[in-house]
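Open the model in your viewer and keep the selection tool at hand. The tour below goes stop by stop.

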Amino acid sequence: MMEAMSQNNPNPKEELYAVVVGLVQGVGFRYFVVEKALPLGLHGYVRNDSSGDVEVVAQGTRPALEHLLALLRQGPSAAQVQDVRVTWREPTEHVSGFHVRW
């Protein structure tokens, strides 16, 4: 695991933690995120927050994560994204696949 995160790796894994604010629950947002993250080769999860926001934890290369971030700012057609609060960090846990968490 540490080898994968060494400086010798040309594409080190990073983690994007994002909180999407707006009309983002009840509009298919979580499934939109899964649908967009999988082809990008990302691992992680998306879940609704009790505040009405959607929380996204995605792990992968910076270019793939930035692509997902651009998609989060758009959201699916029924969503109204007001803001995306972003934190970049080193992966906090090993996550396989990309899925909806409850």
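This is a predicted model: local features need pLDDT of at least 70, side-chain atom pairs count only at pLDDT 80 or more; totals for chains, interfaces and linings use all residues.

Now select the buried residues of α1 themselves, which are Phe29, Arg30, Phe32, Val33, Val34 and Ala37.

Next, select residues 62-74, helix α2. Its 13 residues should span 18 Å at 1.5 Å a residue, and the end C-alpha atoms lie 19 Å apart, which agrees. Show the side chains of Ala64, Leu65, Leu68, Leu69, Leu71 and Leu72, the buried residues of this helix. Turn the view to look down the axis of α2: these buried residues fall within an arc of 165 degrees, so they line one face of the helix. On the face turned away from the buried side, pick out the exposed residues Pro63 and Gln74.

What lies over the buried residues of α2? Select β1 (14-23), α1 (29-37), β3 (54-60) and β4 (80-89), which are among the elements that cover them.

Finally, show the whole chain. Two helices and five strands are present, and along the sequence they run β-α-β-β-α-β-β. The C-alpha atoms fill a box of roughly 40 × 25 × 20 Å along the principal axes. For 102 residues, a compact globule would have a radius of gyration near 13 Å, and the chain has 13 Å, which agrees. Colour by burial to see the buried residues, 39% of the 102.

Notes:
Residues are numbered from 1 along each chain as its sequence is written. Side-chain values use heavy atoms; hydrogens and water are left out. Helices (H or I, at least four residues) and strands (E, at least two) are DSSP runs, numbered from the N terminus. The expected span of a helix is 1.5 Å times one less than its number of residues. Buried means under 20% relative accessible area, exposed over 50%, partly exposed in between (1.4 Å probe, protein chains only). The arc is that of the directions from the helix axis to the C-beta atoms. Contact means heavy atoms within 4.5 Å. The radius of gyration is taken over C-alpha atoms; the globule rule is 2.2 Å times the number of residues to the power 0.38.
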